[in-house]
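Biologist: I would like to learn how to read side-chain contacts in a model. Could we take them one at a time?
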Amino acid sequence: MQRQNALSRQPGKYLSILQIQVLNRLAYPVDLALQSLTIVMFMWIFMQLWRTTYNASGQQAISGLTLNQTMWYLMIAEAIMLSMPRPSRTISTAVKDGSIAYFLNKPFDFMLYQLAALLGEYLIRILFNLLAGGIIVWLMVGPPPVLSALPLVLVSMVLGWLISFCLSALIGLSAFVVEEVSAFEWVYSKFLLLLGGVLIPLDFLPAWLQKISLALPFAYSIYGPARLFVTPSLERFAMLTLGQLAWLAGCGILLLVFYRRGLARLAINGG
Amino acid sequence: MKYLNRLDANLRFLGALWNANLLSAMEYRAAFLTQAIGMIINDAMYFIFWIFFFNKFKMINGWEMQDMILLFGLLAAGLGLARFLFGNTGNLADMITHGGLDYYLALPKPVLLHILASRSDFSALGDFLFGIFCFFFSGNLSLDAFGRYLVGLLFSALIFITFMVLVQSLAFYTGSAQMLSGQASSAIMTFATYPITLFDGTSKFILFTILPAAFIGSVPAEFVRTASWLSLLEMLGAAVLLTTLAGWAFQRGLKRYESGSAVQTQVL
């Protein structure tokens with residue numbers, strides 16, 4: 001057992017899993033291109049909605065955001081949402097059908113394996129989504145306000161992704177307790193859409209809901225990086241990173257505790 | 001008389017399938033209820049976006065909050081009904097690709113009807129109930145309006161099912177159409193949830209033809225709101241055309257169907 005734990009901590013093997021996943025995704029470029037059409041469709045609809053809204057309001061900026069900023073914000077938010085990890089599905093299936101047993105006796109950690117594999121998939125999906133979304137938004141409203149903050153935005157996107165991974169994995173682990181987790185997935189996904197700021201920038205929400213949303217992890221996963229992209233500043237980046245690290249620590253510890261407790265109550269029958 | 005007898009037999013067959021699906025759901029009551037209630041919460045949370053939107057912006061190209069509530073009432077109930085009663089609507093391409101039609105072809109029942117109705121999506125009942133709930137808050141509270149609402153949601157369900165069958169029948173020719181099916185389903189549902197008045201001429205043309213999202217949302221909503229004969233005729237025309245095309249494409253494609261001779265267990 002100690003040997004297995006030592007083996008499962010070697011970071012090189014998780015990097016290999018990540019690389020394999022990247023290669024897997026790149027093996028089907030047509031699939032990737034077709035998937036990227038989804039963001040094109042969403043951005044086109046958002047453009048119709050927000051152009052009409054800005055025209056109707058007769059204002060250049062709504063809650064401090066111009067149409068250009070709103071569209072670029074929505075593009076980043078949508079790209080993050082469409083590339084979100086969904087470990088809940090694989091984990092809950094593995095728990096329910098008992099296939100988790102096959103993973104547990106392998107020389108790697110089940111949860112780190114999921115993390116590496118999904119991160120590999122994420123890197124490719126986000127790249128294609130940003131590319132396709134960026135092109136269509138550029139054509140519709142012109143270039144983004146600032147491009148120099150992109151490296152900082154990428155850092156915050158990865159931290160936000162890790163928070164989402166922990167939350168979704170926690171939902172998957174709830175299969176140890178309940179039969180069906182899809183209802184939790186739907187509700188979580190709607191929290192991301194609304195309180196994460198995918199459907200509408202949080203700035204447009206009523207002040208009381210803005211305050212609540214900004215304190216929750218969903219905003220740190222999506223709103224934070226997207227808002228940083230359109231109005232970058234070192235202060236905003238620092239505050240965002242601090243918040244992300246705090247949520248990541250909290251969610252990470254919770255995940256570890258639930259995972260260990262789940263394994264302790266795991267019962268596998270038959271062979 | 002012969003056609004009436006056949007219709008009667010098919011309706012009784014459908015009734016038996018739905019009854020069996022319901023009994024199967026009752027075997028897993030907790031999962032069934034969790035999914036249905038989860039879907040109601042899911043729909044309600046999505047709708048909150050529009051509540052905040054119209055709270056801030058009041059009216060968009062003539063559309064107000066009440067119009068959105070009615071649109072959601074029709075869409076959620078129509079698509080919920082389609083997925084609850086004909087739960088395999090979204091799985092057809094996958095079944096064609098993986099040789100899943102063998103079982104149905106061996107039985108003396110209408111193949112397409114049998115495939116579509118042999119499964120129920122339990123979560124869709126949540127959609128259906130949420131849709132009905134929305135209708136009662138849409139400001140159209142009269143018996144006439146409720147009658148039109150029922151007609152509208154039936155057309156919405158029929159047009160959605162036939163569009164999905166038409167798109168997925170491509171799997172007979174291309175070998176795999178799962179990706180296209182997913183995109184088509186996502187596109188028609190997404191476009192249908194936005195007011196039609198947002199879109200310009202070219203976009204509207206697409207939403208009334210290639211991607212008939214207008215016929216599952218905005219047109220039925222217009223029919224409920226104004227009792228317009230034109231809207232009814234538009235829905236009827238789209239339903240007849242799509243039903244004919246879907247039936248033709250499926251039957252024609254079926255001649256090209258190749259089985260993988262996979263051993264399968266099938267209950268319904």
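Biologist: How many salt bridges are there over all chains?

Modeller: Side chains of opposite charge can pair when their charged atoms come close. This is a predicted model, and the count for it comes to eight salt bridges over all chains.

Biologist: Which residue forms a salt bridge with Asp67(B)?

Modeller: Arg225(B) does, with the closest N and O atoms 3.2 Å apart. Arg225(B) belongs to helix H12 (residues 218–226) of chain B and Asp67(B) to helix H3 (residues 65–85) of chain B, so the pair ties together parts that are 158 residues apart in sequence. Arg225(B) is partly exposed, at 29% relative accessible area. Asp67(B) has 13% relative accessibility and counts as buried because the cut-off is under 20%. Salt bridges with shared partners join Asp67(B), Glu222(B) and Arg225(B) into one network. Arg225(B) also lies over the face of Trp63(B), 5.5 Å from the ring centre.

Biologist: Which side chain meets Asp127(B) in a salt bridge?

Modeller: That is Arg83(B), at 2.7 Å from N to O. Asp127(B) lies in helix H7 of chain B and Arg83(B) in helix H3 of chain B, so this bridge ties together parts 44 residues apart in sequence. Both residues, Asp127(B) and Arg83(B), are buried. Arg83(B) forms a salt bridge with Asp121(B) as well, where the closest N and O atoms are 3.0 Å apart.

Biologist: How many aromatic pairs does a search of the whole structure find?

Modeller: A pair of aromatic rings is described by the distance of the centres and the angle of the planes. Here the search finds 39 aromatic pairs over all chains. In one of them, Trp72(A) and Phe229(A) have ring centres 6.1 Å apart and planes at 45°, so the pair is tilted. Trp72(A) is in helix H4 (residues 67–82) of chain A and Phe229(A) in helix H11 (residues 217–230) of chain A, so parts 157 residues apart in sequence are tied together. Trp72(A) and Phe229(A) are buried.

Biologist: Why is the pair of Phe53(B) and Phe54(B) edge-to-face?

Modeller: The planes are at 80°, with the centres 5.4 Å apart, and over 60 degrees counts as edge-to-face. Ring pairs link a cluster that includes Phe53(B), Phe54(B), Trp50(A) and Phe204(A).

Biologist: What area do chain A and chain B bury between them?

Modeller: About 3,000 Å², 79% of it on carbon and sulfur atoms. Across this interface there are zero salt bridges and three residue pairs in polar contact. On the side of chain A that touches chain B, H3(A) gives the most, with 14 residues.

Conventions. Residues numbered from 1 in each chain as written. Chains lettered and ligands numbered in written order. Predicted model: local features only at pLDDT ≥ 70, side-chain atom pairs only at ≥ 80, totals over all residues. Heavy atoms only, no water. Phe/Tyr/Trp six-rings, centres within 6.5 Å; stacked < 30°, edge-to-face > 60°. Helix = DSSP H or I, 4+ residues; strand = E, 2+ residues; numbered from the N terminus. Buried < 20%, exposed > 50% of the residue type's maximum accessible area, 1.4 Å probe, protein only. Lys NZ or Arg CZ within 6 Å of the ring centre and 35° of its normal. Buried area = accessible area lost by both parts, 1.4 Å probe. Salt bridge = Lys/Arg side-chain N within 4 Å of Asp/Glu carboxyl O. Polar contact = N/O pair within 3.5 Å; in protein donor to acceptor, adjacent residues only side chain to side chain.
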